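The following explanation leads the reader through a protein model, from a single residue to the chain as a whole. Please keep the sequence and the structure in view while reading.

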Amino acid sequence: MIFKKLADYDYPFTDFDKNDLLQWMAIFYMPDPKDEHLILNIDSEAAKSLNEYFTELYDEPASLFCEWKWIITDDILTIIKKSGDFIPFSTGVVYYMAFHIDLHTGELLTNDDLVRLFNVEESTIQDKIDKYGSDNLYYKEPENTSERIEGTQGMMVLNRNQKYNTIGYEYSEYSLLVPDENNLYFILGVYDFNFNGRILFHKVALK
């Protein structure tokens with residue numbers, strides 16, 4: 001994948017590293033939008049079904065751009081899809097989706113499966129997200145995010161009521177999880193309060 005340098009464009013954020021997962025997620029402005037066709041070289045029914053879905057996305061695109069990143073451990077392949085559109089007088093809208101494949105069985109894993117595999121107590125996940133916010137971010141409770149808090153660093157969490165927003169504040173089966181060999185991470189998005197609509201991303205360790 002080749003991008004023109006963001007610094008060549010009239011765009012205020014030129015410090016993102018597209019090779020870093022969290023920073024790649026934060027790049028909303030695409031100087032050279034891609035519609036990438038991903039094909040899995042895995043012999044399983046789940047992979048076959050995903051390849052059909054990926055081909056449909058490519059042949060009949062529903063978004064202006066569609067890009068992919070993947071993370072491979074000894075046991076799991078995680079694929080993250082980023083797609084979106086530009087909106088006039090806006091930074092645009094971006095959607096994220098994660099697919100997890102068991103490399104031993106070829107089967108698709110759900111968030112519940114990941115939580116079990118990493119021996120994470122589901123009942124503790126939301127507390128860990130809350131603690132990460134308290135320790136690392138300055139934000140107000142999601143139901144009161146319409147005004148900036150005096151003395152904060154200008155960040156606020158995404159609304160926890162957005163059930164299908166995979167980068168929201170509240171853990172659910174739709175949340176975006178990222179595994180590595182030793183831990184499972186919840187991806188948390190927080191708004192940058194510079195009146196630009198930018199979202200920055202954090203990994204919350206769940207173990």
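**A guided reading of the model**

R116 counts as exposed, because its relative accessibility is 56%; exposed means over 50% relative accessible area, buried under 20%, and partly exposed in between, with a 1.4 Å probe and protein chains only. The model is predicted, so local features need pLDDT of at least 70 and side-chain atom pairs count only at pLDDT 80 or more, whereas totals for chains, interfaces and linings use all residues. Residues are numbered from 1 along each chain as its sequence is written, and side-chain values use heavy atoms, with hydrogens and water left out.

The side chain of R116 meets that of D113 in a salt bridge, with 2.5 Å from N to O; the term denotes a side-chain nitrogen of Lys or Arg within 4 Å of a carboxyl oxygen of Asp or Glu. Side chains of opposite charge can pair when their charged atoms come close. Both R116 and D113 belong to helix α3 (residues 111-117), where they are three residues apart, about one turn of the helix. A search of the whole structure finds one salt bridge.

The chain as a whole contains four helices and eight strands. These elements are DSSP runs numbered from the N terminus, helices being H or I of at least four residues and strands E of at least two. Along the sequence their pattern is α-α-β-β-β-β-α-α-β-β-β-β. The protein chain has 207 residues, of which 47% count as buried.

I125, Q126, I129, Y132 and G133 are the buried residues of α4. They cover an arc of only 120° around the axis, which puts them on the same side of α4. The face turned away from this buried side carries the exposed residues S123, D127, K131, S134 and D135.

Two asparagines in loops complete the reading. N119 is found in the loop between α3 and α4 (122-136) and has a positive phi of about 55° although it is not a glycine. Is N119 buried or exposed? Its relative accessibility is 65%, and N119 therefore counts as exposed.

N183 lies in the loop between β6 (177-179) and β7 (184-192), and it counts as buried because its relative accessibility is 12%. Leaving aside residues up to four places away in sequence, N183 touches F118, V178, A205, L206 and K207, a contact being heavy atoms within 4.5 Å. The side chain of N183 reaches the backbone nitrogen of K207 at 3.1 Å.

Terms used:
Polar contact = N/O pair within 3.5 Å; in protein donor to acceptor, adjacent residues only side chain to side chain. Arc of directions from axis to C-beta.
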